[in-house]
Amino acid sequence: LTTAANALVKKTPVTPAIDYSALNAEIQRIEALALVEGEYTAESWAAYKAAYDAAKALLANATTQAEVDAALAALTAAANALVKKTPVTPAIDYSALNAEIQRIEALALVEGDYTAESWAAFKAAMDAAKALIDNAGTQAEVDSVLAALTAAVNGLQKKAPVTPPVGGEDDPTDDPTEKPKDEDEGLGVIWIIIIVAVSIVVVAGVAAVIVLNIKKKKTTDSTPLVDYNIDDDNA
C-alpha cells in the first residue's frame, strides 16, 4: 500500500485554450476609425494609447483568458473615453469690409443720380455688409459680402442726362397756348422769301424802266433832222 501510494503520478495540468477573437476584433474596429492624435486632448489620448499598446502586446502571449478579457475591456473603455479638443474658431478680420464701407460712404452717392435697378442692387449689398459686421460665422462669408459690395458700387449706372428744352422759358412745352417754335421759324422763312421776291420784282421793274429809257433815247437821237426852209413853203 505504501509503495502504491508513493507511486501515484499526477496528471499534467491542461492549460485551457485562450480565446483572442474578441480582442482582435476590437483592435481592428478601432484601427478602422483612423483616429488622429491631434484631434484629442493629450490626457485622453495617452490613456487610449497605453491600452491599445497593451492589447496588441498581449495577443498570443496571455497566460489566462481573464488577462485577455481585462485587456479588451480596458481598450474599449479608453477608446470610448477619448475627448475631442475644443475647436479653435479663427478670428474673423472685418478690416477690409469696414474700409470699403467707409470709402463708399465718403463718396456721398445720391440715389436720384442712378438708375433704380442699379441703386437697388447697391443698397441691398450695402445693407448686407453693414449687418454682417461682427456677426459673421466665417472669414469666407465676410470676403464674399465684401466682393458683392464692391461689385454693386462699381455697377451703379448714371441716369441719362435730361436735355433742356430749346428756347428756355419760352419753350412751347411750358405754355401750351404758345405757337410751336418750328411754326414760328417756318413763318419767318416765308416772310423772308416774300421780301426777297418783292425786292426782285422791284429791282426788275426799275431795271426795265432804265432799259426802256435808254432805248427811247437812242431812237430819238438816230432820227435824221429835216432840212426845212420857210421859203420852200412860199414856193
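Reply: One term before anything else: contact means heavy atoms within 4.5 Å. Among contacts in the protein chain between residues at least 6 apart in sequence, 74% join residues at least 24 apart.

Me: Noted. What kind of model is this?

Reply: It is a predicted model, in which local features need pLDDT of at least 70 and side-chain atom pairs count only at pLDDT 80 or more, while totals for chains, interfaces and linings use all residues. Residues are numbered from 1 along each chain as its sequence is written, and side-chain values use heavy atoms, with hydrogens and water left out.

Me: How many helices and strands?

Reply: The protein chain has nine helices and zero strands. Both are DSSP runs numbered from the N terminus, with helices being H or I of at least four residues and strands being E of at least two. Read from the N terminus, the order is α-α-α-α-α-α-α-α-α.

Me: What share of the residues counts as buried?

Reply: 19% of the 235 residues. Buried is under 20% relative accessible area, exposed is over 50%, and partly exposed is in between, using a 1.4 Å probe and protein chains only.

Me: Helix packing next. At what angle do H3 and H4 cross?

Reply: Roughly 150°, with the axes of H3 (residues 42-58) and H4 (residues 65-80) coming within 8 Å. The axes are lines fitted to C-alpha atoms, for helices over the stretch in contact, and the angles run from 0 to 180 degrees between N-to-C directions. H3 and H4 are therefore roughly antiparallel. The classes are: under 35 degrees roughly parallel, over 145 roughly antiparallel, 65 to 115 roughly perpendicular, and the rest oblique.

Me: Which residues of H3 and H4 make the contact?

Reply: From H3, Ala47, Tyr48, Ala51, Tyr52, Ala55 and Leu58; from H4, Glu67, Val68, Ala71, Ala74, Leu75, Ala78 and Ala79. By class that gives 12 nonpolar, no polar and one charged. Nonpolar here covers Ala, Val, Leu, Ile, Met, Phe, Trp, Tyr, Cys and Pro, charged covers Asp, Glu, Lys and Arg, and the others, Gly among them, are polar.

Me: Where is aspartate 134?

Reply: In the loop between H6 and H7. Aspartate 134 also has a positive phi without being glycine, near 65°, and is exposed at 61%.

Me: Now the cores. Which residues have the most contacts inside the largest one?

Reply: Leu97, Ile101, Phe122 and Leu149, in a core of 20 residues. A nonpolar core is a set of buried Ala, Val, Leu, Ile, Met, Phe, Trp, Tyr and Cys residues joined through side-chain atoms within 4.5 Å. H5, helix H6 (116-132) and helix H7 (139-154) are the elements giving two or more residues to this core. Apart from it lies another core of 19 residues, among them Tyr48, Leu58, Ala62 and Val68.

Me: What does leucine 149 touch?

Reply: Leu97, Glu100, Ile101, Ile104, Phe122, Ala125, Met126 and Ala129, leaving out residues up to four places away in sequence.

Me: Last one: which H5 residues meet H6?

Reply: Leu97, Ile101, Ile104 and Glu105, against Phe122, Met126, Ala129 and Lys130 in H6. The axes of H5 and H6 come within 10 Å and cross at roughly 135°, so H5 and H6 are oblique to each other.
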